[in-house]
Protein chains: 2
Amino acid sequence: MNIGKVFEVPNRWVKADGPQADIVFSCRVRLARNLRDFVFPPWGKKSHLKEAARLILKTIENSDYFKNHWVFDMNRISLLEREFLLERHLISKEFTRGDETQFLVTVPGETISIMVNEEDHLRIQTILSGLQLMQAWEICNSVDDRLDNSLEYAFSPKFGYLTSCLTNVGTGLRASCMLHLSALVRTSRIDDVLKNVSKLGLVTRGFYGEGSRAQGDFFQISNQVTLGLQEKEIISTVSRVVRQVVKEEKNAREYLMQHSSLKVMDEVGRAYGILSNAHLISYEEAMVLLSKLRLGVWMGIIPYSISVDTINELFISIGPAQIQVSQGRRLSRTSRDKIRAKMIREKLSNA
Amino acid sequence: MNIGKVFEVPNRWVKADGPQADIVFSCRVRLARNLRDFVFPPWGKKSHLKEAARLILKTIENSDYFKNHWVFDMNRISLLEREFLLERHLISKEFTRGDETQFLVTVPGETISIMVNEEDHLRIQTILSGLQLMQAWEICNSVDDRLDNSLEYAFSPKFGYLTSCLTNVGTGLRASCMLHLSALVRTSRIDDVLKNVSKLGLVTRGFYGEGSRAQGDFFQISNQVTLGLQEKEIISTVSRVVRQVVKEEKNAREYLMQHSSLKVMDEVGRAYGILSNAHLISYEEAMVLLSKLRLGVWMGIIPYSISVDTINELFISIGPAQIQVSQGRRLSRTSRDKIRAKMIREKLSNA
C-alpha cells in the first residue's frame, strides 16, 4: 500500500463543518478490544500476534463496511511514513516503532481507523469535525458490531471488555474532544477551567494526546474512567463538559472583544503578517501563529476571506513528516522550514 | 510661530534623491560660530545672551537668504514641541531645555537651520539627502558668509574660529553622514569597519548623534578634529571614508544576496508582514523593522512598490513627538503605538 494514496483524498475531519467547529477542532471516539483466544499484545508471542492480525485483517476484508480501505503494514513502511501517520492522528506514538505484528487499517477521508496489535488487539477509532461525539460513537459502535459478528472478543459479564491496561477495562471506550481555547488562555482563565474539568473526572492533554503538551492553545479533553458506566453515559458526560468549556471560551472571546480588542487585533494581525510573508518557519512557530489566526477568523478581524477549514488543513499539512513524505524524502530542518513557509504563504494568498 | 507650519512643507532631506541615498540616509554639515563682543553662551549672563540673540535674529531677518524662514523661541514653545524639533534633527538634546535665550531658525524643507545660543552663539546646519557633503558645505558656507557680513565673529588668526568647546576651535566644522549599514551588521563585519573608521580619526555615533546608540542599523560617521585643517580637507576626508564604508556595505549586501538570501528574505518578509498588519507598535520596534524593510527594498526582495523615500519619511514621522504634535496633545504610550501602527499600515498599503 503506497502511503502517497493518503494524500489523494482530503482529510475529512479537518473540514470545519461539525457543530461548534470554531472551538471544537475535532472529536474522537476509540474502542479497545481484544480477541478471546489470543494472548494480549503486551504479553503475546510475535507468531501468535501475527496470527491474530491475520484473522482481524481477514474479517475486515470481508466486512462490507470496509469495501474501500487501506492497510499499512507497520513493519514494511519507513519510520518517516509512520511519523506521517502519527501526525495525521491515525496511529499512536507507540505504533511508530514498526513492529512486524502491527497494522493500520483506515479508509479514504480517515474518519475511521483501526490499529491492530497496539496495546490491545484492536483499537477502533472515529474522528469527526466539531462536537459530535454521539455520532462518532455510533460509527465506532457500528464498526465494532460488524467485527464482533466474526471475531470473538474477550468479554467478562462482570467487568465488560477486557483490555491490556486496567484503565480501559469495561467499555474500552475513550471519548475526547480537541478544543481551541485561545481566549481562555489570553484571559488567564484556562487553569481554573481545566481544574474544574478534572474535578468532573475528565482528563486534559495536548494536541498529540497522552504526554504531549498543549500547543497553539489546543487542549484535549477526554474521559478517565471506562469501567462501571454505560457507553452513552460516558459520551454524554464528555459532551456536557465540553459544551460547558465551549461556553466559557465563547464568553472569554466576547470579553476579549470588548476589553482587549486592540491587543488581540495586534496579535492576530502580526500572526497573519508573519505567516503570509515568512520564508522560513518552524513547525512550532507556525502552530502558534495559525492558532492566533484561527482566533482572528472567529473574531472577524481578519480582513481577508481565510476560513477555519484552510487553517485546520494547514495544522495537519505543515507537520514535518507530511512535508517530507510529500517530497518523497528526508529533508533538513532548513529545507522543511522553507517548504512550510511557502505552503503557508500560498495557502493564505489563495484564500 | 505655530509649529504646525513645519508639517505643511515636506522635509526635503528625507527624499532619497542624493547620491548613494540607499546607503547614505543623509549628510550634514554644521558650523560653530560666536560673536566677538559677547561672552560665549556657557558663561554669558542671560541678558547679554538675549542681546546677542536679538542681534543675530535681526541679521537673519535682513538677509536675502532667509526671505522665507521660521523662528522658534525655545522658551515659548512646549517641551513636546521641542522634542518634535529634536526628532526632526533640527535641534540638539541640550536645546530641548527651553532656555529663554535660545532660538531656532529654519526654512521650509528644513535643509538649513540655525540654533542661536546653544553651546555657541550660532550653530549653522545644512542637511541633504545622500552623500553630498561638499554641496552641504557650500550651502552652509554661503549662509555663514552672509551672516559674517553683518556680524563680527570671534576669530583668531592663529587658531581660527573660537568656540565654547575646544574640540570645535579652528574651522568650527562638523561634517557627518548617516549610514544604513544593514549588511555589515548581518555579516558581523561592522565592528571591524567602525574600528577602521576611528583609526582614520573619525567618530561613529547612533541615529540621534552624540550619546545615542545605533538604532535600526544606522550609524553616523563624522570628523573629530576641526583644528589645523582646511574645511575642504575635512569634507573630503569624511567623504572619502564614507565612500569606502559604502563600498564595504555594498560588498556585504552582495555577499548576503549570494550566501544568505533565504535568511534575509525571511527577515525582510517578516518585517514587512508585521509592519503592514500590526495594530500596536513601539517606536523602537518600528525603527528596527523599517530598517530591515529598507534593506529589502535595496535587495529588490519586497514584492511591492515601496520606495526608500516612503521608508525614510516614516523614520521621521513615527517619532513619539511627531505623532503627539500632529494630534495636538500629549498621548499615552498605547495611543501613540496605535496611531503609529495605523500610519505605517496606511503608508505601506498605499505604496
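Visitor: How many salt bridges are there between chain A and chain B?

Guide: Happy to start there! This is a predicted model, in which local features need pLDDT of at least 70, side-chain atom pairs count only at pLDDT 80 or more, and totals for chains, interfaces and linings use all residues. Residues are numbered from 1 along each chain as written, chains are lettered from A in the order written, and side-chain values use heavy atoms, without hydrogens and water. A salt bridge here is a side-chain nitrogen of Lys or Arg within 4 Å of a carboxyl oxygen of Asp or Glu. Between chain A and chain B the count is 2.

Visitor: Which residue forms a salt bridge with E285(A)?

Guide: Look across to chain B for the partner. The closest N and O atoms of the pair are 2.8 Å apart, and the residue is R270(B).

Visitor: Which helix of chain A gives the most to the side that touches chain B?

Guide: Helices here are DSSP runs (H or I, at least four residues), numbered from the N terminus. By class, that side of chain A has 8 nonpolar, 4 polar and 5 charged residues, where Ala, Val, Leu, Ile, Met, Phe, Trp, Tyr, Cys and Pro count as nonpolar, Asp, Glu, Lys and Arg as charged, and the others, Gly among them, as polar. With 9 residues, the top contributor is helix α8 (residues 261-275).

Visitor: What is the area buried between chain A and chain B?

Guide: Buried area is the accessible area (1.4 Å probe) that two parts lose on being put together, summed over both. In chain A, L262(A), R270(A) and N277(A) lose the most area to chain B, together 38% of what that side buries. Carbon and sulfur atoms give 63% of the total, which is about 1,500 Å².

Visitor: Is S129(A) buried or exposed?

Guide: Find S129(A) in strand β5 (residues 122-129) of chain A; a strand is a DSSP run of E, at least two residues. Its side chain reaches the backbone nitrogen of G18(A) at 2.9 Å. Buried means under 20% relative accessible area, exposed over 50%, and partly exposed in between (1.4 Å probe, protein chains only). At 3% relative accessibility, S129(A) counts as buried.

Visitor: How many residues apart in sequence are the parts that K50(A) and E100(A) tie together?

Guide: The side chains of K50(A) and E100(A) meet in a salt bridge, 3.1 Å from N to O. K50(A) lies in helix α2 (residues 46-62) and E100(A) in the loop between α3 (79-87) and β3 (103-106), so the pair ties together parts whose separation in sequence is 50 residues.

Visitor: Which helix holds K292(B), the salt-bridge partner of E267(B)?

Guide: The closest N and O atoms of K292(B) and E267(B) are 3.3 Å apart. E267(B) lies in helix α8 (residues 261-275) of chain B, whereas K292(B) lies in helix α9 (residues 283-299).

How values were computed. Polar contact = N/O pair within 3.5 Å; in protein donor to acceptor, adjacent residues only side chain to side chain.
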